[in-house]
Structures are given as C-alpha cells and as structure tokens.
Amino acid sequence: MNEVEQLSAPLAIVVVAAVLVVGVYVSSVVDVVAFRSVAGQRLRPGSAALHPARVARRLSRQQSVRTERPDMILRVLAPAAFLGLAAAAVTVIPLSPGIVVADVRTGIVLFGAAQALAIVAIFFHGWSPNSPFALVAGYRFVAVALSYELLSMFVLIAAAIPAESLSIGAIVESQAGLWNVIRQPLGLPLFLIVSLGVTFSGPLDLLDSNDLAGGGSVEDSGMQRLAWQTARHAMRIAFAACTAAVFLGGWHGPVLPGGLWMALKTFAVVALLGFLDVFVARISAERFVRLAWGVLLPFAFLNLLIAGVGAL
Amino acid sequence: MAVTPVEVFVAAGSDRWHDVQALRAHELVRLVPTPRHATVLLVAGTIPASAREALDRVHDQLPHPRAVATWDEIVAGNDVVDAVASEIVGCAHRVMADPSTSSPGRLADEEPNDWRGVGPFGQGGEGMMGGTPYGRAMAMTADDRDGLSLDRLELRLGPFLGQLPGGLVADVALQGEVIQSIEFACAGSKSFVTADRAVPVARRLLWLSHALHVQGLDAFAVGAARLARRSARLDDDPGLARDFASLRRRMRWTGLRSALRSVGDRDGRDTLARWSAHLDAIAASLDGADSRPVSADGSMPITAAELAEMITGLALTDAVSTIIGFDIDVPAMTTAPVEA
Amino acid sequence: MIGTIDVAFVVFSVAAVASGCGVFRVDSMIRATYLLLASFLNVGAILVLLLAEYLGVALLFMMTAEMIVMGLFMVMFMMNPAGLNPMNMVHQPRFAAAAGVVAAAGVAVVAVFADFPDAPVDAESDTIRELGIELLGGSMLVFESIGVTLMATMVCSVILSSATGRFGDGYEGSVAPALEPGGDHRPADDLYDPDAAMGHSMHGMDMGGMDHGEMDHGEMEHDS
Amino acid sequence: MNLMTVLLVAAALIGVGVWGALAQQTFVMLMMGIEMMLNGVILAVAGFWAFTGAGLPKGQVLVIITMAVMAIELAIGFALVTAVYRARQADMTEGIGSLKG
C-alpha cells in the first residue's frame with residue numbers, strides 16, 4: 001500500500017474529469033446500442049457513436065421550464081450533488097497500479113457514504129419541482145433505497161475482510177491470486193442490484209419511470225434533463241469502476257497493462273448494466289422492499305459469513 | 001443520414017389512441033411519457049370539448065422550441081404511420097432551425113387567483129392546513145390504512161396521461177403512493193373492457209406495445225409496435241407468427257411475470273393471467289395466418305365502478321399495471337348511455 | 001502560523017453552525033432536515049481533521065441514512081412540509097434564545113478558562129486500526145452492549161409505533177387533543193368508536209384503524 | 001485548530017440545539033434540536049480525544065457511544081411521536097398537556 005502515489009491536486013482534477021467525461025459518453029452510447037439491439041432496430045456504428053452528442057446539443061437549446069413554486073435551490077443542487085458524489089466516489093477507486101486520485105484509508109466507507117448521500121440527491125430531484133408524480137417517485141425511491149442501503153454496506157465490508165483494510169487499493173491487491181467474484185460469489189450479484197438501484201435502471205427503474213409519466217424527471221426539460229442524465233451515467237460509471245475494483249480484480253490481468261484491464265472490466269460492467277436496464281421489467285417498490293429484507297439481506301449475511309470463514 | 005429520434009408527446013382522443021401507439025415502431029420518432037420531454041405535440045383523434053382546456057395545458061407544458069402536429073390533418077399515402085412520422089420530423093426540424101416559429105402559449109401563465117390567506121400569519125387555511133389559497137385546494141389530513149391521519153392529495157388524472165389509455169379521466173385521492181379512492185369519469189356502469197370482445201390482432205399488438213412501455217420495457221414495445229404494423233398490412237406475412245413467438249419467448253426473460261403476478265387479483269385472476277389471455281389471443285390469431293378478429297376467453301368484462309373498487313388501496317404502480325392489464329375501451333365508456 | 005488545516009477548520013465550523021441555525025429558521029421541513037444533515041457533515045469533516053478519520057466518515061454515513069428517514073417523517077407528519085403556506089411554529093422564542101445563549105456561554109467558559117492536559121494524538125498513528133482493536137478487545141463489552149441496546153431499541157420502537165399495543169388496541173383510552181392550546185380535551189368519541197374501544201363491539205361497526213381480530217388477540221395476551 | 005476552538009464550535013452547536021429544542025413547537029423539530037445538541041457533544045468528545053487523550057482509542061469509543069445514543073434517541077423518538085399521534089392526533093407539544101393517556 002505504501003507505494004501508492006497520490007496525484008497532485010490539478011492532475012487529480014484532470015484525471016477525474018477525464019474518467020467521467022469519457023465514461024459518461026461511453027455509457028450513453030452503450031444505452032443506445034442496448035436499446036436498438038434489443039428493439040431490433042438498425043444499428044449504425046457512426047449514428048450510435050454520435051447519438052449522445054446530438055441529444056446533448058438538442059437539449060442544450062431547449063428551454064428549461066420553471067415549475068410553479070419549485071424549491072429552486074434543491075432543484076439546481078440535485079443534479080449537481082448527484083454528479084459531485086459520483087466524482088467523489090471515483091476518487092477513491094484505484095485506476096491502475098499505484099494510481100489513485102485519493103488513497104484514503106477508509107475508501108470503501110467513503111464510497112458507501114457517497115452512495116448514501118446520492119439517495120438524498122435523488123430525493124431532492126423528486127421533491128424540488130413541486131409536482132405530484134415527481135414527489136411520489138422520489139418518496140418511493142427512498143423506500144427502495146433504504147432497503148438496498150444495508151445490502152451494499154454488508155457486501156462492501158465483506159470484500160474488505162480478506163484485504164484486512166478499508167482502502168480499495170488494498171482490496172484490489174488482495175485479489176492478486178483469486179478474485180473476489182470467486183472468493184465471495186454472492187457479492188457481485190448483490191452489488192449489481194445495488195448499482196441498478198442507485199442508477200434507477202432495469203428492475204429498479206422506480207424513479208424516472210413510465211408508470212408515473214417520467215416520475216422524478218416529469219418536469220425536467222432542456223439543460224435540467226441533460227444534467228440529470230449526465231449525473232446518472234456518471235454514477236453508473238462510479239459503480240461499474242467500484243465493481244471492477246472490488247469484485248473483478250481491478251487492474252489484475254495478464255499481458256495488458258493494469259490501467260487497460262481496469263478500463264475493460266469497467267466497460268464490461270457498464271455494458272451489463274446498460275443491457276439489464278433495457279432488458280428487465282420494473283418490479284413494484286413494495287415487492288422489492290420485501291425481497292430486499294426477506295431474501296437479499298440474508299444472502300448478504302451469508303456472504304459476510306463466507307468472507308469471515310475464508311479469512312480465518 | 002443519421003439523426004436522433006424526435007421526441008413526441010401524444011395527446012390522443014380515445015378513438016385514435018391505439019393507432020398512435022404504432023409510432024413506437026418508427027425509428028425517427030420516440031414517444032415520451034411527459035410533455036416536458038417533447039419537442040412536438042401530436043394531437044390525434046377527436047378531442048371532446050371537455051378536454052380542450054387540458055389539451056391547451058399540455059400544449060403549454062412543452063418546452064420551447066415546440067411544434068404541434070395533427071394526425072387527422074395529415075394526408076396519408078399508403079402508410080399513415082410513415083406519413084405522420086415524416087410530418088413530425090419535418091415539424092421538429094423547422095422549429096429547431098428557427099426557434100422563433102415555436103408555438104406560442106395558449107393559456108395565460110398565471111394563478112387561478114391570487115393568494116388568499118385567512119390565518120394570522122397569512123396562511124391559506126386554518127391551522128396551517130387546508131384552504132384554497134391559489135384556487136387550488138391544499139392537502140388535508142384524512143384517515144389512512146395504518147390508523148394514522150396523513151395528508152390526502154386529490155388529483156385528476158388524464159385525459160392525456162402517457163401511462164393511461166387515451167381519454168381516460170380519473171379523480172384519485174392519494175396518501176403517499178396508495179390510492180385511497182378513485183372515480184372514473186364515465187357515463188353509466190356499462191362494462192368497458194374489450195378483452196371479451198373481438199378486436200383485430202393489430203389492435204391487440206398495439207395494446208401490448210403500450211403495456212410493455214408502461215412496464216419499463218421500451219425496447220420490447222418497439223418490437224410489438226413493429227409486429228402490429230406488419231399485421232395491419234393487407235399482404236400475407238408468414239413470418240409474423242414466428243416473430244411474435246420469438247418476442248414472447250424473450251419477454252419471458254424480462255421478469256415481467258414476477259412483476260405482474262398477483263397484481264390486481266379479481267375472481268382468482270391476476271394481471272399476469274390477463275396478459276396471458278391477451279398474448280394467447282394474439283398467438284391464436286397469428287397462427288391462423290389471418291387477421292380475423294379474435295376474442296380472449298376467460299377475461300370477464302368489468303365496469304368502471306368494479307375497476308375502481310379493485311384498485312382502491314393499491315399503490316399507484318400496481319393500479320396503473322392493473323388498468324393497463326385490461327384493454328380498456330374508453331370510447332365505449334364515455335359514450336355509453338346511462339343505464340338504470 | 002495558519003495552515004491549510006486551520007483554514008479548513010474555520011470553513012467547516014462556520015458552515016456547521018450556520019446550517020445549524022438555518023435548521024430552525026427555514027419554513028420548509030425538507031430544507032430544515034437537510035440543513036441538519038449539512039451541519040452533521042461539516043462536523044464529520046472536522047472529525048476527519050482531528051484524525052478521527054473513521055468516525056468522521058461513519059458519522060457522515062450514519063447521519064445521511066438517519067436524516068433520510070427523518071425527512072420522510074417530516075413530510076409525513078408535518079402539515080405544509082414545503083413551507084409554501086406562511087406559518088409560525090415557534091413558542092417562547094425569547095426564553096429559548098436566552099437559554100441557548102446561556103448554554104453556549106456555559107460551555108464556552110469551560111472551553112476558555114478550564115485547564116486541560118495537552119496530549120495530542122500522534123499524527124503518524126493508525127487511529128483506525130487502534131479503534132478496531134479497542135472495539136474488539138478492551139472495549140468489547142461496551143461495543144456489544146451498544147449492539148444489544150440498538151436491538152432492544154428496534155423492538156421497542158416497533159412495539160410503540162404499531163397500531164396494536166401490548167395491552168390491546170392502540171386507541172384504547174386515547175383522548176383527542178384540544179382544538180386550541182390550553183383548551184379542554186375533546187370528548188373521546190371525537191376520535192374513535194367508544195364501544196369498539198372498550199372491547200364490546202356490539203354494533204359491529206368498524207371505525208378507521210380498528211381491527212377486532214387483532215384486538216381480541218391482544219386481550220387474550222393480557223389475560224394470560 | 002486547538003482544543004479551545006473546537007470546544008467553542010461545540011458550544012455554539014449545543015447553544016443552537018438548546019434554542020431550537022425550546023423554541024420549536026412540533027415534536028419532530030424538537031427532536032432535531034436534541035440531535036443538534038448531540039452533534040455538539042460528538043465534536044467536543046472528539047476534540048478531547050484528539051488533544052488531551054494522547055491518542056487513547058477509548059476516546060473514540062466514547063464518540064461511538066454518543067452516536068449510538070443519537071440513533072436510539074431518534075428511533076424511540078419517532079416511535080413515540082407515532083404512538084402519540086395515533087392516540088391523540090397531536091404533533092405539537094401543546095397538544096399533550098398531560099401524559100395521562
């Protein structure tokens with residue numbers, strides 16, 4: 001752990017910004033590709049690659065409608081905070097051997113805290129426009145989020161046990177021989193469920209969902225909508241990178257340089273999340289809450305037990 | 001040339017609502033769930049006088065630059081959907097190129113009336129609750145299912161809500177996400193579900209397309225809408241039955257079954273059973289290699305009052321799923337004579 | 001000698017106190033709740049500056065979850081949660097402000113005049129590891145007691161908040177509040193059906209929240 | 001940053017908490033006042049640990065105890081609010097003049 005070098009502040013900002021910009025763009029392209037291939041529409045590589053840029057250009061020219069008596073501070077804060085938390089989460093994840101933006105000793109707890117604060121940002125998004133469907137969606141999301149919140153913490157703590165450290169860099173190093181996905185087979189699927197929850201996609205598409213006429217985004221237009229979508233993709237990148245680092249061995253891998261392995265694994269998780277988003281139907285919040293407390297949480301305990309026994 | 005799809009919000013009268021769903025099949029058009037996301041407002045079918053003001057309000061909710069297209073004014077060639085789609089794309093391009101042509105607001109942007117506070121601190125009602133300070137009632141507490149008295153929010157849903165069948169109007173009272181009471185605006189107690197009646201297979205597929213969209217499966221909705229367009233064409237399409245079977249097989253993997261199971265139980269049948277009946281009917285019709293009207297057996301007709309009773313106490317999501325599970329025949333509902 | 005840490009400390013402190021004051025000044029319940037969270041986050045940041053790194057981040061993490069729940073309760077219980085309707089929800093403002101000043105001054109006097117030993121934490125020490133070993137070593141009994149207490153709390157809060165109390169229906173013997181502060185309580189039947197509450201449900205009527213099946217069950221427990 | 005400044009900030013937080021708890025009328029806001037006082041207590045305890053405890057980890061354990069107290073206060077508080085609300089339909093302190101059910 002000692003040889004990990006902290007990047008200098010300006011370089012760190014550049015690195016985080018680059019990771020997020022590239023990541024958000026790639027994640028948006030993945031969404032287009034996933035949608036078109038599942039829908040059976042023609043897939044032109046050039047068109048798909050330019051799609052996010054075109055959408056961004058169109059939305060930036062669209063009016064951002066102001067609703068009646070919104071909570072304007074929180075309305076602006078919601079996407080900004082969501083994006084900022086994604087950036088904060090990225091900083092604690094090692095990007096390649098020896099390179100991590102902020103090698104804090106409590107990296108995994110900080111990641112969990114960023115995820116918990118993301119719930120607040122998402123709730124703001126539903127609360128602030130002063131619109132009934134958005135409020136219902138935000139409220140419903142919080143109920144779901146409180147249910148997966150514990151799950152995420154147990155799964156991450158279990159991953160920290162073999163590393164004997166809360167630093168994500170140490171967790172990656174502990175996977176030199178055996179990746180956590182094999183050592184703790186329950187961890188990865190549980191963490192993917194959490195990732196789907198935080199990015200409200202696929203089965204947990206309970207925020208911006210069609211059954212509430214767009215839910216939390218029902219009043220969003222123009223830049224407001226663009227900012228929210230950007231933040232959501234940034235959060236997906238943060239969770240994909242964390243999944244790659246904590247469960248898929250991070251930079252470990254043959255032949256290719258470590259940074260490239262990390263990028264490839266992150267991309268694989270982003271692609272998986274993108275396809276799950278398109279391919280899985282939404283389940284109702286009530287059912288998920290039941291499932292989370294009744295089934296998934298016991299599995300998380302089992303996972304913790306496996307990790308503990310493995311560490312003895 | 002590659003372009004991004006134009007985002008369209010549909011305000012459809014109940015007579016055109018199913019037809020409009022076919023637009024989901026078109027690559028250059030994307031139907032969005034809220035007017036705030038749309039560039040073009042597509043007005044289709046007969047808009048009753050009672051829905052005029054709602055239409056104007058929806059129109060004003062579109063962000064600038066915005067444009068309006070009207071389905072029934074478009075002179076169609078041999079394919080209405082293509083004609084409408086190209087008109088929509090044209091509209092959108094014109095207004096994007098010259099934002100000054102954006103459709104102006106139809107209603108005045110103001111409160112129904114000024115703030116009317118009555119309390120000592122200028123609040124709207126007594127004890128900081130209730131009253132109608134802007135001409136809109138504030139929420140008041142009412143008993144709920146958990147024995148607490150929480151705020152009760154009265155809303156009117158429809159007639160142009162993306163997730164509900166076009167023209168359907170319902171007055172609901174919500175506490176949190178739970179529907180405490182719902183009343184459909186309709187004439188009489190005539191049954192308004194079509195599942196027991198024979199309808200063309202294309203219409204059933206269009207229903208499926210919208211229903212998949214509501215369940216969060218937009219990509220599958222595109223597939224269903226494409227099948228609907230193919231089945232609507234006159235020429236015989238032998239691959240249709242096979243492609244539908246393939247769509248249905250893929251739908252099995254989406255978790256739709258567990259999402260719909262035991263939602264909206266009535267007489268031992270849940271929403272999943274209703275979906276199965278619809279899908280079986282489509283499959284039977286397509287296997288017969290013709291588009292004869294078919295009826296889905298087993299689906300009981302239901303009246304507006306019965307449906308309202310069924311979904312009272314459900315969460316909003318489950319209520320929407322339940323309503324969509326019945327292929328509601330809104331025209332029959334609104335024009336039905338009052339029965340004694 | 002003013003370093004980065006001192007500047008950060010001043011910023012976090014001012015933010016913590018300012019958002020703390022904001023909690024009791026804003027009308028919107030959601031803003032109040034999350035201003036309290038902001039205050040906690042800033043204190044968490046100060047804890048990190050004090051080298052209690054794990055505690056700072058844990059405070060951040062825990063308070064976030066706690067305030068989310070609090071926000072839900074706020075919206076649920078409060079009338080007018082967004083503060084869109086003008087309101088005044090304070091009483092005895094002068095006395096309260098005076099008490100606040102006195103309390104703060106009392107602690108401040110101790111802070112300024114008391115003489116404390118000077119034994120700062122070694123900046124090189126691994127405080128997280130030490131804390132972990134302490135929690136599962138010397139202070140294990142304390143740590144486990146906290147766990148058991150929290151468990152008991154969960155059970156208690158479920159019992160307290162459920163509609164059916166230990167001795168029967170939660171409405172039994174309950175009294176409606178006065179319509180104005182200091183006034184008489186309203187008659188009991190304003191709130192519930194007295195017959196049903198006494199357990200003699202001869203009318204067979206079910207008022208809101210009354211479940212006869214559950215009530216009978218509760219009485220049985222009481223007798224045994 | 002030294003012990004005195006940390007304690008002064010803690011004093012300010014405790015003062016704000018006392019003011020809030022006494023001035024607010026609703027139970028939930030009253031609980032927020034108590035939370036605010038505990039917030040100050042946490043800061044003070046952590047300050048003592050950092051400057052006078054020579055890094056003894058027992059000081060950190062005390063912070064954890066305070067946090068647990070806060071969690072318990074919140075959970076029991078909300079349960080009581082719910083119970084009182086159920087029984088009296090009251091969410092303001094004036095609503096319950098007597099504790100007698």
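**Where chains A and B touch**

Modeller: Gladly! This is a predicted model. In it, 43 residues of chain A are in contact with 34 residues of chain B.

Colleague: What makes a pair of residues count as in contact?

Modeller: Their C-beta atoms, placed from the backbone, must lie within 7 Å. On chain A, the elements giving two or more residues to the side that touches chain B include α1 (9-39), α2 (45-60) and α5 (132-163). The largest share, seven residues, comes from α2(A). By class, this side of chain A has 19 nonpolar, 13 polar and 11 charged residues.

Colleague: Why is α8(A) called largely enclosed by the rest of the structure?

Modeller: A residue is buried if 20 or more other C-beta atoms lie within 10 Å of its own. In α8(A), 11 of the 12 residues are buried, so the helix is largely enclosed. Among the buried ones are Gly187(A), Phe191(A) and Val198(A). The cover over the buried residues of α8(A) includes α4 (107-127), α9 and α11 of chain A.

Colleague: What is the mean pLDDT of chain D?

Modeller: The mean for chain D is 82, with 85% of its residues at 70 or more. The model as a whole scores ipTM 0.80 and pTM 0.83.

How values were computed. Residues are numbered from 1 along each chain as its sequence is written. Chains are lettered from A and ligands numbered from 1 in the order in which they are written. This is a predicted model: local features need pLDDT of at least 70, side-chain atom pairs count only at pLDDT 80 or more; totals for chains, interfaces and linings use all residues. Two residues are in contact if their C-beta atoms, placed from the backbone, lie within 7 Å. Helices (H or I, at least four residues) and strands (E, at least two) are DSSP runs, numbered from the N terminus. Ala, Val, Leu, Ile, Met, Phe, Trp, Tyr, Cys and Pro count as nonpolar, Asp, Glu, Lys and Arg as charged, and the others, Gly among them, as polar. pLDDT is the predictor's confidence in each residue, from 0 to 100.
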